[in-house]
Amino acid sequence: MHIVIMGCGRVGSALAQTLEQQGHTVAVIDRDPTAFRRLGSSFGGRRVTGIGFDQDTLREAGVEEAGAFAAVSSGDNSNIIAARVAREMFGVENVAARIYDPRRAEVYQRLGIPTVATVRWTADQMLRRLLPSGAEPLWRDPTGGVQLAEVHTSASWVGHKISRLQEETGVRVAFVTRLGEAILPSSQTVLQEGDLVHVMMRTDEVDKVEAAFAEGPEEEGGH
């Protein structure tokens, strides 16, 4: 796939290098030509100097053939404008914008532009490590009825199968993060110490699910 990245800061350059290593073709746009130094001499993609929401600049970067566009410059407004131009004028299917202001991020999410609210996300992740309790929503469907969330799991669930966790709490386990790697569990997968459990559940059942995860499995014969 051809991917266009606007912004060659730390995030943009790391993203460009990773995508190229995965076999994609990449073009990076930045208004400052010295920013391309971050890409290193081994980077084989295009370096385009210009404004990321300018149509001619985007065409030079190959946006018309692009399957994805990432706006990760330091400016919220620039990122959103560029993301909307890529999607609405050039029909790029996969578009994402980095946003620093979480209130704006929610507005743009409703406009159909997937956003990553950097400061809010980092703060939330730190809180999850400092105060590991309850459920942290990661995604909600447009109606708000269903959500994907990381739910703090009591140590008493360690050694039990995912199938039992699902049966007793009424959730669907979407994936588990184990030692920094995301894994798709089967019903036979056994929970290990340190696992982060990400589940799909009804929004109106969050309190009930949090309680079940915190209390641990029911005692055998206690049904």
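Predicted model: local features only at pLDDT ≥ 70, side-chain atom pairs only at ≥ 80, totals over all residues.
Me: Why is T189 called buried?

Reply: Its relative accessibility is 16%. Buried means under 20%, so T189 counts as buried.

Me: And what makes T189 a loop residue?

Reply: T189 is found between two strands, β10 (181-183) and β11 (196-202), in the loop that links their numbering.

Me: How do you know that the T189 side chain has a polar contact with the backbone nitrogen of S186?

Reply: A polar atom of that side chain lies 2.8 Å from the S186 nitrogen. The cut-off for a polar contact is 3.5 Å, so the pair falls within it.

Me: Which residues does T189 touch, leaving aside those up to four places away in sequence?

Reply: H160, K161, I162 and R178. They're called contacts because heavy atoms come within 4.5 Å.

Me: Okay, zooming out. How much of the chain is buried?

Reply: Of the 223 residues, 43% are buried. T189, at 16% relative accessibility, is one of the buried ones.

Me: What share of the contacts between residues at least 6 apart in sequence join residues at least 24 apart?

Reply: That's 52% of them.

Me: How many helices and strands are there?

Reply: Seven helices and 11 strands. The C-alpha trace spans about 70 × 35 × 30 Å along its principal axes.

Me: What about the surface and the charges?

Reply: The accessible surface is about 12500 Å², with 52% of it belonging to carbon and sulfur atoms. There are 23 positive and 30 negative side chains, and the centres of those two sets sit 6 Å apart.

Definitions and conventions. Residues numbered from 1 in each chain as written. Heavy atoms only, no water. Helix = DSSP H or I, 4+ residues; strand = E, 2+ residues; numbered from the N terminus. Buried < 20%, exposed > 50% of the residue type's maximum accessible area, 1.4 Å probe, protein only. Areas by Shrake-Rupley, 256 points an atom, 1.4 Å probe, with all protein chains shown as cover. Lys, Arg positive; Asp, Glu negative; His and termini not counted. Charge placed at Lys NZ, Arg CZ, Asp CG, Glu CD. Polar contact = N/O pair within 3.5 Å; in protein donor to acceptor, adjacent residues only side chain to side chain.
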